[in-house]
Amino acid sequence: MDDDTLLDAARACVLDQGVGRTTLTDVARRADVSRMTLYRRYPDVRTLITNLMTREFALVLDQAQQGVAGLPTARERLVAGAVAGIRALVADPLMRTILDRDGALVLPYVVERLGSTQRLAEYFLLAQLVAGHEDGSVRRADPAAQARATLLLLQSFALSHAPATADVDSDLLFGELTHILDTSLRPEQP
């Protein structure tokens, strides 16, 4: 039994009933494996869900990166990739279910630590920033600080999208995000 089968079963359970009501027994049943098989790989639901979120959200971010690979400058790749990634995340059924039903699950990734998906996103940002410094398309600054600040901005868009769009058009917000990123990263004119 491979991990993807188990994570697919966990995804189906979370989409059906939310994280809070998903048990390892439910996942084992859905994957058609014994509970012991599942327990050997994932000692608890939290570990299983963390691995599921990492797999799912990393795939979304990877697809966004691939979609911008042909853009001519690093700043264009960063801006377009970041906005595409946030658009995809806020539309992702797993993300929507987690935020709508079990929003407290993401709180540790906001106030306690950065998770592996955040680190993956930050790695993409950092690589584009460094490339942008080299090709002259990004304002020079400490790349680690630029990447972290950009990650924090993007994170707020991803996590607050539903309430933020209750009375403001989503496309207009994404237009502003694009403008904010592009303007803040544009090299200063002498």
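Colleague: Where is Arg75 found?

Modeller: Arg75 is found in helix H5, where a helix is a DSSP run of H or I with at least four residues, numbered from the N terminus. This is a predicted model, in which local features need pLDDT of at least 70 and side-chain atom pairs count only at pLDDT 80 or more, while totals for chains, interfaces and linings use all residues. Residues are numbered from 1 along each chain as its sequence is written, and side-chain values use heavy atoms, with hydrogens and water left out.

Colleague: Why is Arg75 called buried?

Modeller: Buried means under 20% relative accessible area, exposed means over 50%, and partly exposed lies in between, with a 1.4 Å probe and protein chains only. Arg75 has a relative accessible area of 11%, so Arg75 is buried. Not counting residues up to four places away in sequence, Arg75 touches Ser137, Val138, Asp182, Leu185, Arg186 and Pro187, a contact being heavy atoms within 4.5 Å.

Colleague: Which helices do the buried residues of H5 pack against?

Modeller: They pack against helix H4 (45–68), helix H6 (93–102), helix H8 (116–135), helix H9 (143–164) and helix H10 (170–185). Ile86, one of the buried residues of H5, touches Leu154, Phe157, Ala158 and Phe174, not counting residues up to four places away in sequence.

Colleague: What makes a set of residues a nonpolar core?

Modeller: The set must consist of buried Ala, Val, Leu, Ile, Met, Phe, Trp, Tyr and Cys residues joined through side-chain atoms within 4.5 Å. The largest nonpolar core has 48 residues, of which Ile86 and Ile98 touch the most other members. Elements giving two or more residues to this core include helix H1 (3–17) and helix H2 (24–31).

Colleague: Why does Leu38 count as buried?

Modeller: Leu38, which lies in helix H3 (residues 35–41), has 0% relative accessibility and therefore counts as buried. Leaving aside neighbours within four places in sequence, Leu38 is in contact with Leu6, Leu24, Val27 and Ala28.

Colleague: Why is Leu107 called partly exposed?

Modeller: Leu107, in the loop between H6 and helix H7 (108–111), has a relative accessible area of 46%, so Leu107 falls in the partly exposed class.
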